[in-house]
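Here is a short briefing on one protein model. Keep the sequence and the 3D view open as you read.

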Amino acid sequence: MMIQIKKLYGWTFDNILFLSWIASILMLGGAYGFEHIGGLFPCDLCWPQRYAHMAVIIFGTFALYFRKNNPVKWLRFKLMTTFSWLVSVGYSGYHAGVEQKWWEGPDSCTLQTSDTNMSVEDFIKSLDDVTFIRCDEIPWEMFGISMAGYNFLISLFMLIMLTLSVRKDIKK
């Protein structure tokens, strides 16, 4: 039993680039599924997280292509994939913090109060033409964790595993 676990761990560690590539495809597909099937439209902080996953997919594809043929290019693209996971960790962690009200988000997607003397009727009229997706509200959660929270946790795990894998490759 212990030998099988070691083999599984070794296979996972040796193929972490492929697994992270698949994870990013699934996460990005899930985000678009929630948007187009579930009707949960992305806020301004969701888009950079999607772009990071797009970068993981692109750089990971090139890294997987060069894996056997060109070790130098393979390592470069693996490093770029790892950096893309770092970007995902940063944006998703920031977004999860905004959702939890640990810090304030950008003005473009959080509710800001104003000291101007606008009447309630004028304020409501100004909202008629605005589609506003707030970053500081959690539209979906499971087990108390939002989509940005899951993105953060998965991205952090992939970043750590890829960093350890790159470290191992550089030592070779």
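Two rings of Phe, Tyr or Trp (its six-membered ring) count as an aromatic pair if their centres lie within 6.5 Å. A search of the whole structure finds six such pairs. The model is predicted, so each residue carries a pLDDT, the predictor's confidence from 0 to 100.

**Aromatic pairs**

- One of the pairs joins F59 and F77.
- F59 sits in helix α3 and F77 in helix α4 (residues 71–99), so the pair ties together parts that are 18 residues apart in sequence.
- Are these two residues buried, or partly exposed? F59 is partly exposed, at 25% relative accessible area. F77 is buried, at 17%.
- Ring pairs also build a cluster, made of F59, F62, Y65, F66 and F77.

**Overall layout**

- The protein has six helices and two strands. Starting at the N terminus, the order is α-α-α-α-α-β-β-α.
- The protein has 172 residues, and 33% of them are buried.
- Take the contacts between residues at least 6 apart in sequence: 75% of them join residues at least 24 apart.

**Confidence**

- The mean pLDDT of the protein is 79. A value of 70 or more is reached by 74% of the residues.
- Which element has the lowest mean pLDDT, and which the highest? Helix α1 (residues 2–14) has the lowest, at 61. Helix α3 (residues 46–66) has the highest, at 90.

- F18, I22, I25 and L26 make a nonpolar surface patch of about 330 Å².
- I25 belongs to helix α2 (residues 16–36).
- I25 counts as partly exposed because its relative accessibility is 32%, and buried would mean under 20%.

**A contact across the sequence**

- D169 lies in helix α6 (residues 147–171).
- At 15% relative accessibility, D169 counts as buried.
- What does D169 touch, leaving aside neighbours within four places in sequence? D169 is in contact with W74, L75 and K78.
- D169 and L75 are 94 residues apart along the chain. Their C-alpha atoms are separated by 7.8 Å.

Key:
Residues numbered from 1 in each chain as written. Predicted model: local features only at pLDDT ≥ 70, side-chain atom pairs only at ≥ 80, totals over all residues. Heavy atoms only, no water. Patch = residues over 30% accessible without salt bridge, like charges linked within 9 Å, V, L, I, M, F, W, Y side chains within 5 Å. Areas by Shrake-Rupley, 256 points an atom, 1.4 Å probe, with all protein chains shown as cover. Salt bridge = Lys/Arg side-chain N within 4 Å of Asp/Glu carboxyl O. Helix = DSSP H or I, 4+ residues; strand = E, 2+ residues; numbered from the N terminus. Buried < 20%, exposed > 50% of the residue type's maximum accessible area, 1.4 Å probe, protein only. Contact = heavy atoms within 4.5 Å. Phe/Tyr/Trp six-rings, centres within 6.5 Å; stacked < 30°, edge-to-face > 60°.
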